[in-house]
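Biologist: I would like to learn how to read an interface between domains. Please take me through one case.

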Amino acid sequence: MTINTHPTLPEFEYVRPETLAEASEFLTRYPGEARPFLGGTDIFVRMRDGLITPNFLVDVKKLDGTNDLRFEPQAGLTLGAAVNMNRVIASREVQAHYPLLAEACRSVASYQLRTRATVVGNICNASPAGDTIGACLVFNGVLHIHEVNGLRQEPLAEFFLGPGKTTLKPGDIVTAIHLPLPPKGCAGVYLKLGRNKLSDLSLVGVTALGHPDPSLPSGYRFRLALASVAPVPLVPTQAETYLANQPITPETIREAAHLAAEACAPIDDLRGSARYRKEMVRNLSAKALSEVWEKLK
Ligand SMILES: Cc1cc2nc3c(=O)[nH]c(=O)nc-3n(C[C@H](O)[C@H](O)[C@H](O)COP(=O)(O)OP(=O)(O)OC[C@H]3O[C@@H](n4cnc5c(N)ncnc54)[C@H](O)[C@@H]3O)c2cc1C
């Protein structure tokens with residue numbers, strides 16, 4: 001067997017449509033052969049490694065609205081698909097209203113990579129390890145999708161079907177993710193465990209968000225999202241429901257972290273064992289919830 005130690009990109013045709021309608025039409029004409037791309041930090045690596053071999057790459061970075069980063073005090077944040085992560089981190093509005101999203105973006109690889117990588121690309125790649133997905137989930141993100149027949153909106157919570165698998169059909173282009181206004185008085189944290197501090201995918205990632213909610217017995221609502229511990233980014237709803245109904249104490253936080261670990265279905269891979277991952281979910285969930293609780297108090 002010959003091992004190619006210097007793999008290169010296979011040939012492909014670069015396509016740059018002028019409009020979203022043209023882009024969707026082209027993608028529909030070549031299902032399985034044409035794919036949209038943004039920063040290219042996932043897709044080119046997968047092509048180089050021979051995992052996918054599209055004949056056409058459709059650049060959707062300049063299309064209508066995909067470069068917008070817009071905060072509306074009555075509606076929330078609309079993050080265009082082509083907005084790179086450094087722009088998200090630098091945005092005053094994101095820092096003021098969604099610091100958790102900026103924190104998640106900051107955990108991704110390096111400054112250089114983040115000048116290309118986008119939040120929407122992170123989502124569409126549908127890796128359970130995607131670092132920015134948790135923040136978008138706990139803020140109840142909604143995807144704006146351009147399809148051949150028009151536009152649709154889809155809650156992010158319903159988007160993931162498996163590793164690399166989403167509800168997207170040929171011709172679908174995600175143009176933006178919308179985050180509704182953050183809950184009043186919320187606090188969040190993202191804890192990422194990698195093999196090193198820089199430029200590694202998460203072995204486990206825990207996103208936690210909490211806010212006062214007088215309608216609940218505990219008086220607080222906590223949201224959790226877990227990365228790298230299931231075939232899709234995971235929301236452990238049992239842990240969330242438990243905390244909604246119990247007084248928030250160190251003991252109930254520990255129990256919620258236990259419920260989060262129980263909800264996981266991690267795998268063994270070269271970065272860590274399933275058992276280790278589960279234990280780390282327990283530890284990091286307890287730490288994340290405690291940190292959020294301290295901020296809320
Ligand atoms: C060295 C290195 C380090 C990395 N470190 C991290 C890390 O720490 N954390 C992390 O989460 N990720 C990491 N990644 C993965 C990658 O950078 C991120 O997932 C990034 O957010 C992908 O965004 P992109 O814009 O480059 O996506 P692209 O590569 O352009 O696209 C990703 C996928 O989404 C599809 N797609 C793109 N745009 C659209 C659209 N508008 N509509 C529908 N489908 C679309 C593409 O067809 C492709 O399948 C790393 C990658 C590299 C190379």
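This is a predicted model: local features need pLDDT of at least 70, side-chain atom pairs count only at pLDDT 80 or more; totals for chains, interfaces and linings use all residues.

Biologist: Which helix gives the largest share of the side of domain 1 that touches domain 2?

Modeller: Helix H1 (residues 20-29), with 6 residues. By class, that side of domain 1 has 7 nonpolar, 4 polar and 2 charged residues.

Biologist: How should I read the size of an interface?

Modeller: Size is often given as the accessible area lost when the parts come together. Here domain 1 and domain 2 bury about 1100 Å² between them, with 70% of it on carbon and sulfur atoms. In contact are 13 residues of domain 1 and 17 residues of domain 2. The C-alpha centres of the two domains lie 19 Å apart.

Biologist: How many salt bridges does the structure hold?

Modeller: The structure holds 19. One of them joins arginine 282 to glutamate 279, with the closest N and O atoms 3.2 Å apart.

Biologist: Where do arginine 282 and glutamate 279 sit in helix H11?

Modeller: They are 3 residues apart in helix H11 (residues 274-296), so about one helical turn separates them. Arginine 282 is partly exposed, at 23% relative accessibility. Glutamate 279 is also partly exposed, at 35%.

Biologist: Is aspartate 213 buried or exposed?

Modeller: Aspartate 213 is buried, at 13% relative accessible area. Its side chain meets that of arginine 221 in a salt bridge (3.4 Å, N to O). Arginine 221 is partly exposed, at 34%.

How values were computed:
Residues are numbered from 1 along each chain as its sequence is written. Side-chain values use heavy atoms; hydrogens and water are left out. Domain bounds come from an automatic or database domain assignment. Contact means heavy atoms within 4.5 Å. Buried area is the accessible area (1.4 Å probe) that two parts lose on being put together, summed over both. Helices (H or I, at least four residues) and strands (E, at least two) are DSSP runs, numbered from the N terminus. Ala, Val, Leu, Ile, Met, Phe, Trp, Tyr, Cys and Pro count as nonpolar, Asp, Glu, Lys and Arg as charged, and the others, Gly among them, as polar. A salt bridge is a side-chain nitrogen of Lys or Arg within 4 Å of a carboxyl oxygen of Asp or Glu. Buried means under 20% relative accessible area, exposed over 50%, partly exposed in between (1.4 Å probe, protein chains only).
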